[in-house]
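Here is a briefing on the fold. Please read it with the sequence and the model open side by side.

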Amino acid sequence: SPEFCSQIITPSCNTTFSYIDELNKSIRPFLSDLIKTSYFKYFKVDLDKQCKFWSAQHFCATENCAVEILPPDQFNWSNIHNDSLKPSQLGKINRADSTAIDNSIETEAIDTCEDLDYSHFDEDHACVYVNLLNNPERFTGYGGNQSFDVWKAIYSENCFPNTNPMSMKNLDAEPEQCIEKNVFYRIVSGLHASIAVHLSNEYLDAETGEFYPNLKVFMERVGSFNDRLSNIYFNYAIVSQSIVRLAQILPLKQFIQSGYDDISPAQKQIFDQIGNVESVDVYDDLLLQEIIPSLSQNTLFDTSTLFSEDPLLKNEFRARFKNISAIMDCVGCDRCRMWGKIQTIGYGTALKILFEDEAAENLKFRRIEIVALINTFDRLSKSIASINNFKSMYLKHLEDV
Ligand code: FAD
């Protein structure tokens with residue numbers, strides 16, 4: 001495989017595919033433990049928000065598209081506190097059955113620097129809470145024209161002024177010349193490729209109903225395309241760099257300790273109980289003692305040359321990326337939409353951290369941004385672990401034939 005440094009903006013040339021593979025191997029166990037903690041496994045989302053770009057139906061024919069939400073009115077929070085949130089005690093509920101649920105969560109106005117946000121957030125009364133561990137990102141069967149149109153709309157956001165729209169026939173058109181547009185394109189393509197890795201890694205066997213790694217699907221969608229593989233690593237570099245930077249500008253431990261900033265005081269009390277299921281030391285141990293020091297060993301992504309020639313380009317970049325997060329409301333499969341929102345907010349947070357560095361002192365973060373950032377990093381980390389697994393499967397397959 002080509003050396004990563006030839007394709008990535010990094011001064012030190014330390015960032016190679018194999019460097020990231022090794023780095024990822026070393027932090028993977030800590031990261032997968034981290035996303036199982038109470039702080040990181042709950043996500044607040046509005047699954048009924050109207051698509052504002054076209055009249056999209058939220059429709060996906062298979063049950064794999066469904067999202068199991070937390071039923072607030074049936075929830076005994078003190079049980080949850082005592083029993084560390086065992087899934088069996090949460091009660092299971094699909095959105096289709098959830099009309100009776102009162103989701104009227106009062107939201108507090110929070111003091112954020114909205115102009116510097118790279119994503120939209122779901123903050124209205126229709127929001128529900130989801131335990132991400134019960135709703136893995138995997139093959140759902142969502143596809144055809146519906147998903148193609150969404151991807152087309154997403155890639156069209158890369159048409160900055162004075163450029164031609166991306167071809168409809170070939171979404172992976174020529175890489176852009178301007179470095180910032182190239183970054184934009186690679187983030188989107190890396191997101192697209194990472195989703196494809198997850199759906200190939202947990203692909204549904206229609207006969208057994210089991211999910212398994214499907215090498216053929218992986219090769220057809222990602223494995224045979226060097227650029228798509230490379231864009232996943234590229235995103236890994238961006239997101240890791242942003243986490244390192246975040247720890248420098250935000251007292252992360254205290255932030256996590258302070259709990260939930262986007263809910264009413266009454267809800268806060270309830271969620272504080274959950275937040276304290278693990279001692280805060282767990283975040284300290286996993287994130288601050290293990291993950292961040294490993295990520296800090298090298299500069300994985302250097303932003304210093306970006307936006308230097310045309311400062312207005314950053315506003316354009318931010319607005320267009322923000323649009324992508326709004327396009328997620330047009331995804332016609334609940335499970336895909338939810339993971340799409342998590343990841344667009346996650347990338348949006350990474351970009352806010354890296355590109356708005358000069359305003360670092362004034363940057364404010366919502367809990368949902370930190371949750372999305374870490375879960376997006378976990379998605380990329382799992383993608384890279386899966387790619388390595390598919391590589392072994394492919395080599396074995398070659399030996400067998
Ligand atoms: P698509 O993946 O739809 O791609 C369309 C075209 O884009 C391809 O023909 C190719 O020209 C180009 N292309 C493909 N990959 C790349 C890339 N990495 N970079 C550049 N160009 C590319 N399905 C699930 O099963 N589970 C999910 O969780 C899921 N989440 C989704 C989230 C979102 C936001 C969206 C829009 C879709 C999601 N899907 C999910 C659907 C999935 O992404 C595919 O669209 C679907 O499986 C159909 O795949 P396809 O092979 O027809 O091509």
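**Core and overall build**

Isoleucine 374 touches Leu34, Ile35 and Phe40, leaving out residues up to four places away in sequence. Contact here means that two C-beta atoms, placed from the backbone, lie within 7 Å. The model is predicted: local features need pLDDT of at least 70, side-chain atom pairs count only at pLDDT 80 or more, and totals for chains, interfaces and linings use all residues. Residues are numbered from 1 along each chain as its sequence is written.

- The protein chain has 14 helices and four strands. These are DSSP runs, numbered from the N terminus: helices are H or I with at least four residues, strands are E with at least two.
- The protein chain has 401 residues, and 37% of them count as buried. Buried means 20 or more other C-beta atoms within 10 Å of the residue's own; exposed means 12 or fewer, and partly exposed is in between, with C-beta atoms placed from the backbone.
- The largest nonpolar core holds 90 residues. Val130, Ile232, Tyr236 and Ile374 touch the most other members. Such a core is a set of buried Ala, Val, Leu, Ile, Met, Phe, Trp, Tyr and Cys residues joined through C-beta atoms within 7 Å.
- Take the contacts between residues at least 6 apart in sequence: 81% join residues at least 24 apart.

**Helix packing**

- The axes of helix H13 (residues 334-355) and helix H14 (residues 367-400) come within 7 Å and cross at roughly 105°. H13 is therefore roughly perpendicular to H14. Axes are lines fitted to C-alpha atoms, for helices over the stretch in contact, and angles run from 0 to 180 degrees between N-to-C directions. Under 35 degrees counts as roughly parallel, over 145 as roughly antiparallel, 65 to 115 as roughly perpendicular and the rest as oblique.
- The residues of the H13 contact with H14 divide into seven nonpolar, five polar and two charged. Nonpolar covers Ala, Val, Leu, Ile, Met, Phe, Trp, Tyr, Cys and Pro; charged covers Asp, Glu, Lys and Arg; the others, Gly among them, are polar.
- Helix H6 (residues 179-201) and helix H7 (residues 215-223) pack at about 175°, with axes 9 Å apart. That makes H6 roughly antiparallel to H7.
- From H6, Ala193, Ala196, Val197 and Ser200 meet Val217, Phe218, Arg221 and Val222 of H7. This contact has six nonpolar residues, one polar and one charged.
- Helix H8 (residues 226-249) is mostly covered, with 18 of its 24 residues buried. H8 reaches 35 Å from first C-alpha to last, close to the 34 Å expected at 1.5 Å a residue. The expected span is 1.5 Å times one less than the number of residues.

**Single residues**

- Methionine 328 sits in the loop between helix H12 (312-327) and H13. Methionine 328 counts as buried because it has 25 C-beta neighbours inside 10 Å. Its contacts, not counting residues up to four places away in sequence, are Arg337, Gly340, Lys341 and Thr344.
- Aspartate 21 lies in helix H1 (residues 17-34). With 16 other C-beta atoms within 10 Å, aspartate 21 is partly exposed. Beyond its neighbours within four places in sequence, aspartate 21 contacts Ile384 and Asn388.
- Phenylalanine 307 is in the loop between helix H11 (281-295) and H12. Phi of phenylalanine 307 is near 60°, a positive value in a residue other than glycine. Most residues other than glycine have a negative phi.
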